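Let's take a walk through this one together. Have the sequence and the fold side by side as you read.

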Amino acid sequence: MKTLYLIGGPMGVGKTAAGQALKLLLDNSVFLDGDWCWNLNPFRVTEETKALVLDNIGTLLGRFLRCSEVEYVIFGWVMHRQEIVDEICARLPLDGVEVHAFSLLAAPAVLEERLRRDIRAGKRQEDVIGRSLAYLPLYRDMDTIPVWTDGKGVEEVAAEIEIDL
């Protein structure tokens with residue numbers, strides 16, 4: 001049976017790092033980052049771009065789920081509302097697929113420090129802090145397994161996701 005791991009969380013919490021680490025723990029796996037499907041310049045959030053991104057995500061995830069060489073599909077993206085997770089799943093061929101959804105979380109001060117580190121390194125812009133901190137409480141209302149990342153290395157977080165099943 002195939003397994004789909006959905007890893008959500010606010011910007012800067014460690015979704016990409018955890019997804020890449022989880023991929024290394026699981027044979028016959030692939031990691032996809034939702035941001036790859038929305039790498040526009042300039043970045044615009046409109047009804048048209050949202051539809052485009054969801055189509056891109058559905059196509060990519062669906063192709064990997066249909067591939068006989070892939071047993072585990074790992075997808076990381078902000079996914080801060082249950083409707084986003086539901087919309088993605090509705091687009092996928094999920095017969096014979098176990099779906100497990102996680103939300104990576106961190107204390108606000110920890111998340112802010114991680115984001116500031118990324119800003120200093122030139123990886124993010126200053127405005128990401130306010131948006132990320134505003135998204136953090138939204139994960140409480142989701143039907144996902146919470147994984148706290150405070151004080152943990154990326155391999156620890158990935159192992160916790162793997163073990164939670």
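In this predicted model, the largest nonpolar core takes in 51 residues. Which residues have the most contacts inside it? They are Phe-75, Trp-77, Ile-88 and Ile-161.

Start with Phe-75. Leaving out anything up to four places away in sequence, Phe-75 touches Tyr-5, Leu-6 and Ile-7, then Phe-31, Leu-32, Asp-33 and Gly-34, and also Ile-57, Leu-61 and Ile-88. Notice that Ile-88 turns up here as a partner of Phe-75, and it is also on the list of residues with the most contacts in the core.

Now pick up Ile-161, another name from that list. Ile-161 is one of the α6 residues in the contact with α1. The axes of helix α1 (residues 15–25) and helix α6 (residues 154–163) come within 8 Å of each other, crossing at roughly 65°, and the crossing is right-handed. On the α1 side you'll find Ala-17, Ala-18, Ala-21, Leu-22 and Leu-25, while α6 brings Val-154, Val-157, Ala-158, Ala-159, Ile-161 and Glu-162. Sort the residues of this contact by type and you get 10 nonpolar, one charged and no polar.

Finally, hop over to strand β5 (residues 145–148), where Pro-146 sits. Is Pro-146 buried, exposed or partly exposed? With a relative accessible area of 46%, Pro-146 counts as partly exposed, because that class lies between the 20% and 50% cut-offs. Beyond its neighbours within four places in sequence, Pro-146 is in contact with Ser-103 and Leu-105. Look across to Gly-8 as well: Gly-8 and Pro-146 are 138 residues apart along the chain, yet their C-alpha atoms are separated by 9.5 Å.

Methods. Residues numbered from 1 in each chain as written. Predicted model: local features only at pLDDT ≥ 70, side-chain atom pairs only at ≥ 80, totals over all residues. Heavy atoms only, no water. Axes fitted to C-alpha atoms, helices over the stretch in contact; angles between N-to-C directions. Helix = DSSP H or I, 4+ residues; strand = E, 2+ residues; numbered from the N terminus. Left-handed = near helix turned anticlockwise from the far one by under 90°. Contact = heavy atoms within 4.5 Å. Nonpolar A, V, L, I, M, F, W, Y, C, P; charged D, E, K, R; others polar. Core = buried A, V, L, I, M, F, W, Y, C linked by side-chain atoms within 4.5 Å. Buried < 20%, exposed > 50% of the residue type's maximum accessible area, 1.4 Å probe, protein only.
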